Amino acid sequence: MDGALMTVEGLSVSYGDFRALHDISMRFDRGSIVSIIGSNGAGKSTLLNAVMGINRKLSGRVVFDGADITSMRTSAIVAKGVTMSPEGSSVFEDMSVHENLLMGAYLTNSRDKRARMTERAYGLFPALREKSGQLATFLSGGQRQMLAIARALMSDPKLLICDELSLGLAPVVVNDIYDRILDVNEEGVTIVLVEQEVKRSLEFSDYSYVLVKGRVVIEGRSDELSEDEVKDAYFGINKYA
Amino acid sequence: MELFVQTVVSGMLVGGLYAAIGVGLSLVFGIMGLTNIAHGSLMILASFFVMFFSRQVTGGVVTALLLTLAIMALIGALTQGLLINRVLDKGPESALLVTFGLAIIAQNVLQLVFGADYKSISSPFASVNVIDTRWVIVSGEYMVNFLVSVAMLLALHLMIRKTRLGRSIRAAASNVVAAELMGVDTKRAYIYAMCLAMLTGSMGGLLVGQTFGFYSYSGMSYLIIAFGVVVIGGMGSILGTLIGGFILGLAQLLGAYFFGPGVQVLVGYLALLVILALRPRGLLSNMTRK
Amino acid sequence: MGARTSGIRQIGGAPGPRGGWAARKPLVLAAAVVVLALLPLYASDYGISVGILIFLYMSLGQMWNLLAGYSGLVSLGQQAFVGIGGYTLAMVTQAYHMSIALSFFIAAGVSLAFALVISFPIFKMSGVYFTVGTWIVSEALLVFFRNWAFVKYDAGYNITVAYRISMPALYLGALAVGLGATALVYFILRSRMGLALMAIRDDESAAEARGVRLYRTKLACFLISSVYTGITGVVLYLNITYVKPGAAFGIDWTVCMVFIVVIGGLGTIEGPVIGAVIYVILRQYTYNFPGISMIMLGVAAVAIIMLAPEGIMGAVHGRFGFRLFSTERRPPPGTGPRQYPEDAADV
């Protein structure tokens, strides 16, 4: 738990005349769980796409593990140890569960390591082992989300970004998935939770940022932030909007 | 009755070749949503290369083919990397119009260099009949066309299904963002896919060049055949392409058998339009996509 | 397609110098038409023949642009209507010895009927399938004509009545067709249908959600374009004087439409005008090397799609804010399809 694993410094993104992100600065400490809370259109996806190198039209800096990754290709960023489980648990539908996992280890050349990572994924999510030969398109919503996380872990990341884990899932399922995320964090993986849901985000994270209209309006230790304060900002009722 | 059996057998054999003509079109559509209007013209370009190299440079068809495959793969990579990858984001129509322009350029360059005469590539199997019975006669050439085409499609199918490269191409086809997040360079995956399409197209060009002959503007007629195969088999499905080829080959020759050779092509077109109107995504699209 | 951004700008507000130009525009245009109409008085026969081609190809380009540039219908089958026009002229005047004037009406009627019939299958196909479908339709028509006893199979017709038409008369006909096509597209864009087309071009599903009837609007464009292309075909074959299935229904017509529109500017009304001038003049200069001109046009078209997707006119609009025909309408506040504050601000 010492020092920042990744920092975002003064990040701005514009689409034409529309500025989607204004001067965002964030810090992700080693081994911690950080949540980024915001509603639809707050700029969460824009932020993640910028960090992952999917959207290159940005100004500012992203530093990971001492290296500037701002202008790196996505594959290079993944190789450095940042990975993301994308929103809507977009799994490869016409591939089997096992093939999806293999895709997660796309950049891993060592057969041994791939086998080890596959075991770890199935160990975390035993339900996936039973379905390993099935096409991902036949999975339930919760299983898809598990597969998306398991797939992201296949690259043996130091930092895992989870985009909208709870989207469209039953609370019981979400709790189960969050418990798995805590397990992953126990293994030393730094976690970024990107969520719309305020309560659970604060509960499960060490530090939180609240994003409204492309700006960080509140940040702080999650146990020191009050749910109401965050919600006020979030819904844009008062001064922040 | 003998003639009917012969028609069915010939239809199947030609259908295999049609599948080889169509599979590249199907592949790039399924993977990047590109309707490659230049597919036929580039295939005929390969026919010209094989003809030219075998007559002027190497003396043999096999070495000429290898040289052609290398050049066509390079052309595919350059076309995809320098042109199509850069317009795909602007919508499918822009990319379609680029390939349309390429088709016209290729045709006219060929016409300028080789003239407008019919050409052909000599085949060692042309005059041998491998099956010669009262019921059916099959020439060595048709048999070779069929076997090479089917073998090529199966190899392509296995490559796409079972290898790491194939998986990365499928991932890029299925979900670009997710594939990028896995570390796949999707634009490069598209380049590989286009190279594969060019390689299969070159094989098609060789076989077509040996069997039917070709001239600089033949590409557009073969493009229609390729579309026919793909419309029946469903865009993006390799095994569907094979089935589509069989159906189209059978339909054409049976159409000629029943209605006479004059309207054979017309019957084929009308059938395609009916299929497209009833099943706008291809006849076998649901059956083969699994 | 690249044309989208220009649509946004058009609705947002008129860029550039509008005041003086707007007042003088009708006069300038009228003067231009007079100068063009009097061309036979001061130009050589060769000049007149080039003029004929320019205006006929302009018409083809305008009609293809109405589909691809404004309605999102990329058709590779509009040559079907050129062929219908040519064959109608041949049948009416040669087989039945009736007047040329009658062939215009019959060509329009046949084109309308054919377009309506094929619209049932091809409008079920979307996107690239529509493109492929239109092409197959016209290829089928080509094969059909080759096997049709009524039109003497593949033999074709000499259209002898056309020999009696003087060059100036033919030129005036072509001028009327070319300027008529341009005016027709202009008035369509200024009509309610034009608004619907703009909305469709910006965002098809959003337009539909707002009540734009996609099917009807697109079908109307398709019918208008097809009928006018058929009429243009009649005049084209008065000029060519010999009709044969392979040439009349050949993809080459569509190649020329695509090149004219793409080079001039897809989704701009001046695009087909500029494109037709460039196309015809380039083909004239390289008359003895037809392959070379097609290669040059192909390279130009590919380069323009890659580098300046709105064509020459798009680049001109972008740089100088100049528009000969402004098709924009200012929607009353709050009722327009969309407001674009960022654009309005820089007017």
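The paragraphs below lead through a predicted model, chain by chain. Because the model is predicted, local features are described only at pLDDT of at least 70 and side-chain atom pairs count only at pLDDT 80 or more, whereas totals for chains, interfaces and linings use all residues. Residues are numbered from 1 along each chain as its sequence is written, while chains are lettered from A and ligands numbered from 1 in the order in which they are written. The model scores ipTM 0.88 and pTM 0.86.

We begin with the sheets of chain A. The names of helices (H or I, at least four residues) and strands (E, at least two) refer to DSSP runs, numbered from the N terminus, and two strands pair if DSSP finds at least two bridges between them. In chain A, six strands form an open sheet with mixed pairing, in the order E6-E7-E8-E3-E9-E10. Strand E6 (82-85) and strand E10 (215-221) of chain A each have a single partner strand, so they stand at the edges with one side left without a neighbour in the sheet. From one strand to the next, the twist averages 15°. Within this sheet, strand E3 (residues 33-38) of chain A runs parallel to strand E9 (residues 207-212) of chain A, and five bridges join them; A:Gly38, for instance, has A:Leu211 in E9(A) as its bridge partner. Helix H6 (residues 141-153) of chain A packs on the sheet, where it touches E6 and strand E7 (159-163) of chain A, and its direction makes about 170° with that of E6(A). Here two residues are in contact if their C-beta atoms, placed from the backbone, lie within 7 Å, and angles run from 0 to 180 degrees between N-to-C directions, with axes that are lines fitted to C-alpha atoms, for helices over the stretch in contact.

Chain A also has an open sheet of four strands, in the order E2-E1-E4-E5, whose pairing is antiparallel. At its edges stand strand E2 (18-29) and strand E5 (67-68) of chain A, each with a single partner strand, so one side of each is left without a neighbour in the sheet. Two bridges join strand E4 (residues 58-64) of chain A to E5(A), and the bridge partner of A:Val63 in E5(A) is A:Asp68.

H9(B) is mostly covered, with 12 of its 15 residues buried, among them B:Tyr222, B:Phe227 and B:Ile232. A residue is buried if 20 or more other C-beta atoms, placed from the backbone, lie within 10 Å of its own. Just after H9(B), B:Gly234 takes a positive phi of about 90°.

Chain B also meets chain C, with 35 residues of chain B in contact with 34 residues of chain C. On the chain B side, the largest share, 15 residues, comes from H4(B).

Chain C itself has 17 helices and two strands, and buried residues make up 48% of its 347 residues. Its pLDDT, the predictor's confidence in each residue from 0 to 100, averages 84, and 86% of the residues score at least 70. However, pLDDT stays under 50 over residues 1-16 of chain C and also over residues 329-347 of chain C. Where pLDDT is low, the predicted coordinates should not be read in detail.
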